[in-house]
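Thanks for making the time this morning.

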Amino acid sequence: MPYGPHTTADRERMLAALGISSVDELFDDIPVELRASGLDLPEPEPELQLSARLQALAGRNRTDLVSFLGAGVYRHWSPPAVDQLLVRGEWYTAYTPYQPEVSQGTLQSIYEYQSLLAELTGLPVVSASHYDGAAATAEAALMACRQTRRDRVLVSRAVHPHYRDTVRTYLGPRLELDELPLVADGERAGTTDLDALERLLADPDHPIAGVVLAQPNFLGLLEDMPRVAELAHAAGALFVAVVEPVSLAVLAPPGAYGADIAAGEGQPLGIPPQYGGPYLGILAATEPLVRQIPGRLVGMTTDLDGRRAFVMTLRAREQDIRRDKAASNICTNQALLALAASIYLAAIGPHGLRDVAALGAARARELEEALAAAGVPRLHPGPYLNEFAVRVPSARAVHRRLIERGILAGLVLADALPDQPGVDDGLLVCATEVTTGDDIDRFAAALADELRAEPGGRKAGHLATGTR
Amino acid sequence: MGVVGPRLQPTLDERSRPGRGGGKIPHAPAGALDRIPAAALRDTPPALPELNEPDVVRHYVNLSQLNFAVDTGFYPLGSCTMKFNPKLNEWAARLPGFAQLHPYAPDEVAQGTLQLLFELEQWLAEISGMRAVTLQPAAGAQGELTGILMIRAYHRARGDVERDEVLVPDSSHGTNPATASMAGFRTITIPSAADGGVDVAAFEAALGPRTAAVMITNPSTLGLFESRIGLLLDEVHAAGALAYMDGANLNAILGRFKPGEAGFDVMHFNVHKTFSTPHGGGGPGAGPVGVGERLLPYLPSPRVLREAEGSYRLERPGERPTSIGRLRSFVGNTGVLVRAYAYLRAHGGSGLREVSDDAVLAANYLKHRVAEAYDIPYDRPCKHEFVASATGLKKSTGVRTLDVAKRLIDKGFHPPTIYFPLIVDEGMLIEPTETESVETLDAFADALVEIAAEAESDSELVTTAPHTAPVRRLDEATAARQPNLRWRPMTGRQMPCPD
């Protein structure tokens, strides 16, 4: 065994102390007829070969593409300080701070995370992390049902499809989920249909526990969040805002427009994409919801000598204390990613974060102009921050051919939203501070080329020169 | 000399000075946000702290030194399997090919990771004796929810809709009853028998046409193998219910017992316990779930599939309508799963069996030593962990398990899990794992024996411990009564940019 310390002599000494001759005797309590059939697994591999194998596997992934893919997970530059601090064993090889006297590092870091995210979201109560944005959104929906004692949640179709699916799974057959349609055309095309929201909220037979909208929404567009808050509250429902934390450096925070709960994906705060996780589920709420919020909370207190210290608190919400009456079953969370987000925010600072958000917006605008010049217009007219949808004839085929040219042309909307009308020819593209002018030029030129080649495509080739 | 550093730290907010920091991100051009309606913008910037990088680094290095961790010492936290976290695995997860891969990357771009995930699923199925495995759940508790939701879907598909109860032994993890509630079931608690196993008579009395599932941790949280498991599983299935195995204690039985072979229908793995992925100060983990034949159709989507010509792909949305759906975004905590994959490759089948053999041998040896000074309520061979109790010590000296735990800190050790499982008076759940040397086990046992002696000779020394930690015991009551969960009210104060 590669990491074990025991020599033959050690094992013999322990066996002798126990008065037995073989470790097999310690497994005599497994009934003979239920003993395992053996383990058919690969041979143990020394680290030298194993490291080469892992490198080869990683090399089979293509991470060299010029990428315009976002859709809930964003490429950002993370100061090297973040990862260099994360690899300290004192952080990543500790566990939940059950013994506060020897866990003040983790406890204070969580308290600081709560404070930083309270500042970003404008909501005072922040849980110490959930699995990801989808699970946090699902927990938010359940909170709304518990708090209002109602059993129906409205989720906009412009919330990330994985989040909608996750909410549906968590609500199960006991609680109801209705989807809010999107405006089909006009100035507000691609945003949530607020007339439909108003109608559903007014149905006396189906009182609504919570309304869930994303800002920016999955299509990159900005929603009228203050109006949604008004409508939801007038009907006695809670308002759940699904947020992207970098955007909160410049966009109005949920606390300011009346959201009761904010949920979101913390990955953009210095966490690599790593094919789906581990990420950081952000969950924040107003003060009256403090006893409904699931997950760990850390509070400031003092020790016997009056020294300031930090401790897990309001534990009566949690599964190890309350068992079947707990607010959630969550135990292991994403603490190390909350730490990563805190270090990222501390290292980059408030002005740096604003620049990250605003640079992304500036690059996205350049991207929009370059793609329009290449004959690829936007799908919706409304305002966006750093992500938007464009209309490309034969989007799926073009997307595939662009990979051969070294370009990851965003997300094929028809694949991600198979049931959504009006996105058939859509690609969802984004830019961030790491997107360069060269990247944009290459993308626009390649797209123009492909459209020229595409039999059903527009004759857009002449527009491809001098796109920027 | 304390087991962790002595220096408490100011908060980031207290370290902040307006004008510090910068130099990381170029300024955005003026007008970058011009096209965004004013109503959608923030009025005032968030009042985040302003620090220069050297201050940030010192802050987090100094804070880290206030933590006890596996990398700094023995961490026998029962039920958590705090084994060594191999460094190769940390390196592997950070390889750019793994770390920088976008989860919406098309399958043809993600073949390396998809192959890794596919192989990992196969190995976990082999280890557990299950038919198939999903890697999607982010942690053990989410794995439990996945399993119970699949069980619900199974019964509903058969029109068996009256089953609204889940049976859970009283020694179980709190996540089990909390999961049952989340999935809409009522929890029926089954008492334990005198030998620590499930009380069969009470179990049989509770089992019936309302029973949807039974959740059993095996070995149990007392560290004991459930020897009557064959009988219990037969009865569960005869009653039309399904059996869930909480795999938190899998580290004891690798290569010795396969839950799927024995008749369990579904189980979760805690890769941050059994397969050495780090605990991260509370997470992340990953909680893959294995299922037998009955639950195969209900696995969460997307699954990782291998095509006939050898390439890999993800299931498409809606491809398998019987699925319970998604538990989270994307495929799972892939970065954690890379580490688990490396661990399994490094060990192979023979190494895994040795892991369990050594973990069980170490636990029995340590139990034998701890018995010199403490009660052992269930005195038979344990698996990878065991429960000791300070009941006798408390009677004779007034010193409680909590005090013993705090005094262990002064002796250089992380305390075990205390007062769990709930059914043991003054319990300490001790799990040494296979990566601790016999010298460490002896030193820990010596410390516990010494503490028992101190309790007799100078009980105040024990009841006021720890004495060498950066803080003494905390005022948890005030923390809960007047919660202070952030450094100040959100002000959103204006801060001019320094450059």
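**Two helices, two sheets and a contact between chains**

Let me start where helix α11 of chain A passes helix α14 of chain A, which it does in a right-handed crossing. Please keep in mind throughout that this is a predicted model. The two helices, α11(A) at residues 335–373 and α14(A) at residues 437–453, pack at an angle of about 25°, with their axes 9 Å apart. Because angles under 35 degrees count as roughly parallel, α11(A) is described as roughly parallel to α14(A). On the α11(A) side the contact is made by Glu366(A), Leu367(A), Ala370(A), Leu371(A) and Ala373(A), and on the α14(A) side by Gly437(A), Ile440(A), Asp441(A), Ala444(A) and Leu447(A). Sorted by class, the residues of this contact are seven nonpolar, one polar and two charged.

What else does α11(A) lie across? It lies across β11 and β14 of chain A, running at about 5° to β11(A). Those strands belong to an open sheet of three strands, in the order β11-β14-β13 of chain A, with antiparallel pairing. The edge strands here are β11 (387–391) and β13 (411–412) of chain A, and β13(A) pairs with β14(A), residues 426–430, over two bridges, with Val412(A) having Leu427(A) as its bridge partner in β14(A).

Chain A also has an open sheet of seven strands, ordered β2-β8-β7-β6-β5-β3-β4, in which the pairing is mixed. Its edges are β2 (125–126) and β4 (176–180) of chain A, each pairing on one side only. Within this sheet, β3(A), residues 152–156, and β5(A), residues 210–215, run parallel and are joined by three bridges, and Val155(A) has Val212(A) as its bridge partner in β5(A). Helix α6 of chain A, residues 133–148, packs on the sheet, touching β3, β5, β6, β7 and β8 of chain A, and its direction makes about 165° with that of β7(A).

Turning to the contact between the chains, 167 residues come from chain A and 179 from chain B. Helix α11(A) returns here, giving the most to the side of chain A that touches chain B, with 21 residues. That side divides into 89 nonpolar, 47 polar and 31 charged residues.

I will finish with confidence: chain A averages a pLDDT of 95, and 97% of the residues score at least 70. Over residues 457–468 of chain A, however, pLDDT stays under 50, and where pLDDT is low, the predicted coordinates should not be read in detail.

Key: Residues numbered from 1 in each chain as written. Chains lettered and ligands numbered in written order. Predicted model: local features only at pLDDT ≥ 70, side-chain atom pairs only at ≥ 80, totals over all residues. Contact = placed C-beta atoms within 7 Å. Helix = DSSP H or I, 4+ residues; strand = E, 2+ residues; numbered from the N terminus. Nonpolar A, V, L, I, M, F, W, Y, C, P; charged D, E, K, R; others polar. pLDDT = per-residue confidence, 0-100. Axes fitted to C-alpha atoms, helices over the stretch in contact; angles between N-to-C directions. Parallel < 35°, antiparallel > 145°, perpendicular 65-115°, else oblique. Left-handed = near helix turned anticlockwise from the far one by under 90°. Pairing = 2+ DSSP bridges.
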